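Colleague: I am new to this structure and would like to learn how to read it. Please take me through the features in turn.

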Amino acid sequence: MAKFTYFIRERVKLNGVERGTNFEASIDDIQYADGRIMSIPSGSVTEIINLDNLPGAGTFVSSSVRYARISNMSSGSINLQVSGSTAEFNFLLHSSGSFMFSSEYVNETFDNFSYGDLRSIKASPEAEEATVGYFIVTT
């Protein structure tokens, strides 16, 4: 089994002062990693990651997800739809933006922490065709 390590580095020079942070995290017992860059046609909703726990190409077991990142590699924004067994959420992901998570659990409210399993992640361009990339690691 492998150890997966990711780094987040943030930098900005504001009013002549450089600021930023570095963050590093590792996840043990990784058995599988997958990544892909894909085009999403204008006017469509395209499934990027499927976590229905059924065997098939591009499908992952929800309970084994330890890290996933979806990046918008386009000049325009995309709507990112995250669906769980109990709710569906939408996030606007601007150009060069990324969405990351390190758990397979989602919940739509802050007052009832009864989490459901992550089921799918879909994307839809706000205007023209979009390019989206993902990277996922599972145990």
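This is a predicted model: local features need pLDDT of at least 70, side-chain atom pairs count only at pLDDT 80 or more; totals for chains, interfaces and linings use all residues.

Colleague: How many helices and strands does the protein have?

Modeller: Helices (H or I, at least four residues) and strands (E, at least two) are DSSP runs, numbered from the N terminus. Here the count is zero helices and eleven strands. Along the sequence the pattern is β-β-β-β-β-β-β-β-β-β-β.

Colleague: What share of the residues is buried?

Modeller: A residue is buried under 20% relative accessible area, exposed over 50%, and partly exposed in between, with a 1.4 Å probe and protein chains only. Of the 139 residues in the protein, 40% are buried. The accessible surface is about 8,300 Å², and 49% of it belongs to carbon and sulfur atoms.

Colleague: Which strands form the open sheet, and in what order?

Modeller: Two strands pair if DSSP finds at least two bridges between them. Four strands form an open sheet with antiparallel pairing, in the order S3-S11-S5-S8. S3 and S8 are the edges: each has a single partner strand, so one side of each has no neighbour in the sheet. On average, neighbouring strands of this sheet are turned by 10° against each other, direction ignored; the axes are lines fitted to C-alpha atoms, for helices over the stretch in contact, and angles run from 0 to 180 degrees between N-to-C directions.

Colleague: How many bridges link S5 and S8?

Modeller: S5 and S8 pair over four bridges, in the antiparallel sense. One example is alanine 68, whose bridge partner in S8 is phenylalanine 101. S6 (residues 78-84) and S7 (residues 88-93) also run antiparallel, joined by six bridges. Glutamine 81 has asparagine 90 in S7 as its bridge partner, and a hairpin of three residues leads from S6 to S7.

Colleague: Which residues have the most contacts inside the largest nonpolar core?

Modeller: In soluble globular proteins, nonpolar side chains tend to be buried together. A nonpolar core is a set of buried Ala, Val, Leu, Ile, Met, Phe, Trp, Tyr and Cys residues joined through side-chain atoms within 4.5 Å. The largest one has 22 residues, and Ile48, Ile49, Ile70, Leu80 and Phe101 have the most contacts inside it. At least two residues of this core come from each of S3, S4, S5, S6, S8, S10 and S11. S11 supplies the largest share, four residues. A second, separate core has seven residues, including Tyr6, Ile27, Tyr67 and Val137.

Colleague: What does isoleucine 48 touch?

Modeller: Contact means heavy atoms within 4.5 Å. Apart from neighbours within four places in sequence, the contacts of isoleucine 48 include Met38, Ile70, Leu80 and Val132. Across the protein, among contacts with a separation of 6 or more, 64% are between residues 24 or more positions apart.

Colleague: Is asparagine 72 buried or exposed?

Modeller: Asparagine 72 is buried, with a relative accessible area of 2%, and lies in S5 (residues 65-72). Its side chain reaches the backbone oxygen of histidine 94 at 3.3 Å. That is a polar contact: a pair of N or O atoms within 3.5 Å, where within protein one must be able to donate a hydrogen and the other to accept it, and residues adjacent in sequence count only if both atoms are side-chain atoms.

Colleague: Which side chain does aspartate 34 join in a polar contact?

Modeller: Aspartate 34, found in S3, joins the side chain of tyrosine 134 at 2.4 Å. The C-alpha atoms of aspartate 34 and isoleucine 136 are separated by 5.4 Å, although these residues are 102 residues apart along the chain.

Colleague: Where is glycine 43 found?

Modeller: Glycine 43 is in the loop between S3 and S4 and is exposed, with a relative accessible area of 73%. From glycine 43 to alanine 127 the distance is 7.5 Å, C-alpha to C-alpha, across 84 residues of sequence.

Note on methods. Residues are numbered from 1 along each chain as its sequence is written. Side-chain values use heavy atoms; hydrogens and water are left out. Accessible areas come from the Shrake-Rupley method with a 1.4 Å probe; for residues, only the protein chains shown count as cover.
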